[in-house]
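Subject: Model for you to look at

Hello,

Here is the model I said I would pass on. Please open it alongside this email.

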Amino acid sequence: MSEVKQMVKELANQYGRSNESLLPILQGIVTKELHISEEAMIEVARELDMSAAQVYGTATFYSFLDTRPTGKYVIRVCKTITCMMHGKNQIIRELENLLKIRLGETTHDGVFTLLETNCLGQCHKGPAMLINELPFTELTPEKVRKIIIEYRNREISAN
Amino acid sequence: MSKKNLKRLDLIFKNEFDTEAILAKTLVRSHDEIINDLISSGLKGRGGAGFPTGLKWKLTADNPGDEKYVICNADEGEPGTFKDREILSSVPHKVLAGMAVCAKIIGAKKGFIYLRGEYKFLVPELNKILDEFHALLDKLDLAFRVAIFLGSGAYICGEESALFESMEGKRGEPRNKPPFPAQKGYKNMPTVINNVETLAHTYSIFKYGPEKFRDLGVKDSRGSKVFSVSGDTPIPGIYELEFGMTLQKFVDDFGDGDAKAVQVGGASGFCVPRKKFSKTVIGYQGKLTGVSLPTGGSMMIFNSSRSMYNVLHNYLDFFVEESCGQCTPCRVGTQQLLLGVEAVKKGEKPSSYLDKLLDLAETMRITAKCGLGQSVANSFSSIVENFREEMIY
Amino acid sequence: MSEKINLRIDNIAVSVTEGTTILDAAKKINIRIPTLCYHEDLCVAGNCRVCMVEQVGSDRLLPSCAMPVAEGMEILTNSLKVRNARKKIIELLVSEHRAECTTCYKNGKCELQELSSEYIVGEDGFIDLIPFKDYTIDLFSPSIIKDDSKCIRCQRCIRTCAELQSVSALTVSHKGDQMKVTSFFEKPMYEVVCTNCGQCVNRCPTGALTERTYIDHVWAAINDDRKHVVVQTAPAVRIALGEALGMPPGEIVTGKMVAALRRLGFDSVLDTNFTADLTIIEEGNELLQRLKKVLVDKDESVKLPMTTSCSPGWVKFIEHVFPEFLEHVSTAKSPQQMFGALAKTFYAERIDADPAEMVSVSVMPCTAKKFEADRPEMRSSGYKDVDYVLTTRELALMIKQAGIDFTSLPDDDYDSIMGVSSGAAVIFGATGGVMEAALRTAYEVVTGREVPFENLNIEPVRGMDNVREATIKIENPLPDWAFLDGVELKTCVAHGLSNAKKVMEAVRAGAADYHFIEIMACPGGCLGGGGQPIPTSPEIREKRSEAIYLEDELKVIRKSHENPEIVMIYEKFLKEPLGHKSHELLHTHYKGRSRY
C-alpha cells in the first residue's frame, strides 16, 4: 500500500467515512502533507465512496486546503482593511526580500511559502500573519526579520 | 486623547467560576421558564442579524426531529471582528453552559463549535476545557457532548446554512430558505445555531435573571454588546458597551480626534461619515437605515488621512474572493462593482457609471441568495454616496 | 391530504396544494416566469436569480423556483422592480459570458440569448469580464465540447451528472470570481469518469456544453464522388427529429427523414433498426446460452444476470464503476456497431462497393455513440466500422443547411437490404424496449408460442418508472429447451444511470436474482438521449414514447426473428446466431477503467 493510501486510510479510520468526515480528513492531509495531492484526493474519494470531482470541488472551496504543493511553513499575511492600513504591504515587501521570493511563491529549499489571506481576526493588532496555524501580530519589519530567522534556525538545527 | 464617556461593562468577560452552580440551578427549571426568561430579556442574536434568541430555541424545540443539534457559530470572519476569539479564549465555559442548556431544551445530544480555521491555534486549549466541561455534564447527568469542527478559510461559512453544508463535507454554499435551521439545519435536522457572544449572554441571563439584562440598552436593543474596535484609534481592542449609544459618543471615546468615517458592522456593514455621527444610534431599533445600525460589533474608524476609495476597493476585493460564487448577483455583481470603481477612478468610465453601480448594488441587495450578497450593497452604497468625490478624483 | 393554499399572482387568484412553488403556481394560470438554472428534471438550485418575483409588502424579491407559496401571498411577476432587477441579472450573466453569438454553435438555441433579446440587453451593459478570465475550451472528447467562456454557472450540468446519472464527472470548483464548473483537477472530460451520455448537453442553457459536431466531415464525404456514403438511423431519431424542425413532440417522421437523407445525398439510406433486430437474435441467443450453461452445465465461469450492451453510456459507466461486472454485459455489439461492421463487409459485397471507399455515417439520439464509434475495438471490418456519428440535432441542422422544407417532404422508404425492420426494433428507442423485443423473440424460440401478452405488448416493462421488474414463467418449452420448463425468467429494466447504479448495487449485494437486465444510460432510454432535440422534459419524453409504441403497433412485422432480411442474412452470410461470423463481426469485449 502506498504511503498516501495508508495515510488516508488512517485518517478515515480516525474521522469516519461519512460525508461529515470529509473536511476533517482533508485538513488532516494538509497537516501531514502540507497540500492535498491528486493521489490523496482519489484515496479520499475511494474511502468515502464519493466522486473524485466532488472531493476536488469541496477542497478548492477552502483557502486553507492547498491543492498545489507548498513549503513546510506557509506564511499568510492578512490583506484586509485594518492590516492594510497599518502597513501590510511593508511586511510583505520585507518577507519577499528576506525569503527571496514573490508573493505566491515557495522558497527553492521548500521551506517557506508566502501568501496573502483575508481577515485573520486580529484587526486590533495589525498587521498580522499566520505561519501555518500560529498567529503573529503587530508586525514590523524588524519583528518579521526576527521571526523568520528563528524559523530558519529551527530548520537548520532540525537537519 | 480619548475620553471615557461611555460606560464600560463587564458582564461577559468577568470570570466567575460558578458554572457548575449556574448550570445546576438552570437545568432543573422548566423549559418554558427558561425560554420565557430569554424572550423577556430581549436578547437578540449577536452575529449581526439580530433574531430573538429565546424564540429561536423555542421554534427548534417545537419542531420534530430524530436528532437535533446545537451549534456555536465561531466562524468569525467579518473584517474588523475579533470579539468571539476573545470570548472563547477567556470565558469559554459561559458559551458551553449556554449550549448545554439549549441542548436540554431542544433535546440535542450533540453540539459543535464551528471554529474558523484562522483560529486553529485555540484548539488545544479548547479541547482541554471541553474535557473538563464534559466531566461536569456527567456530574449533572446531562447527556450532551460538544465537539470542535474546524473551518478551513471561507468567510461565507459564517452564514448559517453554508456552515451546515461545510460540516456536511460540501462546499460552503448557502441554502435556499425556507426551510430555516429551526426546521432543517445540520443534516436536515432541527438545529439551533447561535453566535459565540449570544451564547455567552445567555449565561448572564441564567445567572442574574432577565431583568438585569433588560435594564441595559434601549428599546428593541437590550443588553450589552461586545465591540471590536480597530482602525485609526489609539486604543484598538475589545469593549463591552451598552446598546443605544450615538456614534458621536463612540468616536469621542475611541477616535483619534480626526475620525472622518466609521464602518459599522464590518465590510458588510455601513459606512457612516462624520456629519452623521451624532444622528446614528447603534442598536437594532427601527429599520436598517442610516439612523440606527445593528452590528456584529465591528467598529472600524478611519481618519482623514485615509482614502475611502482604497477602503472600498479593499472591501470589494474581499467580497470578490469570498463570495461562494453560486448566485449571479453576488458572484458577478461583486466583480462588476470592483472593476466599475476601478474604471471610474482611472477615467475609463464616466462618473455617472457610479449611478449604474449603485443601481446594481440595490439589485444585489434585493436578489442575492444570502446575507453576504445582500449586504455588499451596504458598504458600497454608503461609501459611494457619502464619499463620491473620492471615488472619482 | 395536503391543504390548498390561496394566493394572488399578478392579481389573478390561484389555489394550489401546499408546497407548490410560486413558479409552478404561476404556470398553472399561464404566467411564464423566465428561468435559467431551473430545470424540470432536476432539484431546485435557486442560484441564477432570474426568476425573482415581488411579494407585495416585502422589501427583497423572492426566487419563484425555490419559494413555496403561502396563504394570502400577493405576488407580482412583472412589476417595475422585478423587471429592473431581472434585466440587471441578465446583464450580469451576459457580462461573464463570451457573448460572441453569431459564431456560437448554439446561436439561436441559447436560453441566455433569448432572455437577453427579450429584455433588450444593450451595449450599455456592464464591463465584459471575459478578458479578465482564464478559461479553457476542452476539445479532447470525441463526444462533448466544454467551453468555460460560455458557462453561466447555473449548474444544471452538475446536477444532471450527479442526480440523474450519479456519475459526478462535473463539479463546481473554487469560489468567488474563480468559481467554475469543471472536473477532477480540471482534467479534460476525456480523461475522467464522463460516460459521454450528453445529458448535460441536453440541459445546458448556453453553448458551454455542446456535442462535437462532424457535420462538415459528412458533407465532405457526400461531396466526394469516389465515396459511397452509407447512412443508418437509430430508432429514436425518427420520433424526435421533427421537434428540431419546427414540429411538436411526438410526431413520427420516418418517411420524411428518409426522403431528406436521400436529398442530402447519402448513397444508401439504411436503418439501424435492422441491426436492432439482429441484436435481438444475437443477444437473445446469448441469454439462452448463458441460461443453459448456468442451469444445465453448472458452468461457474458464465455470469448471470446478463445486462444489455446497446447503450454506450451504460457500457462506459459499468467499465468505470462496476468493472468487476464486465462479464455480465452481453458481448453483443450495439446496433450501431453491428451495422457498421456489416456495412463495410456484407453490404459492400452485396452492392459491389470497395469498403475502403465507403463512408459509414450514423444518425443517433446520442453523444456517447461518437465515443463508441471511436473505440479501437470497433474496426471488425478492417476499417473504422462507423466513420462519423451525427446526433439528431446535427441531422436537423444539415437538413436546414440544405434548404429542405422538411414538413412538406413526401414519405420515402429505406433502401434494401439492411433497411427492413420489425416493430421490435423501433421500441429499442424507449426504456424497456430492448427487453420487450428480446422477450418477444426468446419466449417464442423456447416455447414455439408468442409471448402471453395481449397484442404482444409487454406492458410491465413499459413506462417511465425508474426501475421495473417483470417475471415470465416458461411452461411447456420445445424439447431443446426442456431445462427451462417451469423456470421463472426474472427481468429488470432501468433507465438513467442513477437507477442503473441502484440495480447493480442490489445485484452486487446479492439482493436481486435477475436473469436479464436492460439498462439505458439516459432517462426514458434513447428517446431521451443526449443527442436528441433540446429541450427535454418528462412531458416531451412521454410524447416521444407514445410515438415509438405507435410506430411499433403500425408495423406488420412485430418480432425481430420474423424480419425477412434477418432470416436472409443468417441464410446467406452469418449462418447461425453466435456463429463464427457473428463472433468476428457482431460481438465485442470491454475493458475496466478507473472510477476516479
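Predicted model: local features only at pLDDT ≥ 70, side-chain atom pairs only at ≥ 80, totals over all residues.

Residues are numbered from 1 along each chain as its sequence is written, and chains are lettered from A and ligands numbered from 1 in the order in which they are written.

Chain B and its neighbours

Chain B touches chain A through 38 residues, and chain A answers with 29 residues (contact means C-beta atoms, placed from the backbone, within 7 Å). On the chain B side, α7 (160-167), β7 (224-231) and α11 (308-322) each give two or more residues; helices (H or I, at least four residues) and strands (E, at least two) are DSSP runs, numbered from the N terminus. The largest share, six residues, comes from α11(B). By class, this side has 14 nonpolar, 14 polar and ten charged residues. Here Ala, Val, Leu, Ile, Met, Phe, Trp, Tyr, Cys and Pro count as nonpolar, Asp, Glu, Lys and Arg as charged, and the others, Gly among them, as polar.

Towards chain C, 27 residues of chain B are in contact with 27 residues of chain C. The elements of chain B that give two or more residues to this side are α11, α12 (328-345) and α13 (353-367). Of these, α12(B) gives the most, with ten residues. This side of chain B divides into eleven nonpolar, eleven polar and five charged residues.

Domains

Chain B has domain 1 (19-214), domain 2 (219-303) and domain 3 (308-387), with bounds from an automatic or database domain assignment. The C-alpha centres of domains 2 and 3 of chain B lie 22 Å apart. Nine residues of domain 2 of chain B contact 13 residues of domain 3 of chain B. On the domain 2 side, β9 (259-264) and β10 (270-273) of chain B each supply at least two residues, and β10(B) gives the most, with three residues. That side has six nonpolar, three polar and no charged residues.

In chain C, the C-alpha centres of domain 2 and domain 4 lie 35 Å apart. Ten residues of domain 2 of chain C touch eleven residues of domain 4 of chain C.

A helix pair in chain B

Helix α5 (residues 92-106) and helix α8 (residues 196-208) of chain B pack at an angle of about 80 degrees, with their axes 7 Å apart. Axes are lines fitted to C-alpha atoms, for helices over the stretch in contact, and angles run from 0 to 180 degrees between N-to-C directions. α5(B) and α8(B) are therefore roughly perpendicular (65 to 115 degrees). Residues making the contact include B:M99 and B:V101 of α5(B) and B:L199 and B:F206 of α8(B). The contact residues divide into nine nonpolar, two polar and one charged.

Nonpolar cores

The largest nonpolar core has 321 residues, and those with the most contacts inside it are A:L26, A:M41, B:M99 and B:V262. A nonpolar core is a set of buried Ala, Val, Leu, Ile, Met, Phe, Trp, Tyr and Cys residues joined through C-beta atoms within 7 Å; buried means that 20 or more other C-beta atoms lie within 10 Å of the residue's own, with C-beta atoms placed from the backbone. α5(B) gives the most to this core, with ten residues. Another core, of 22 residues, lies apart from the largest one and includes A:V77 and B:F82.

Regards

How values were computed
Contact = placed C-beta atoms within 7 Å. Parallel < 35°, antiparallel > 145°, perpendicular 65-115°, else oblique. Buried ≥ 20, exposed ≤ 12 C-beta atoms within 10 Å, placed from the backbone.
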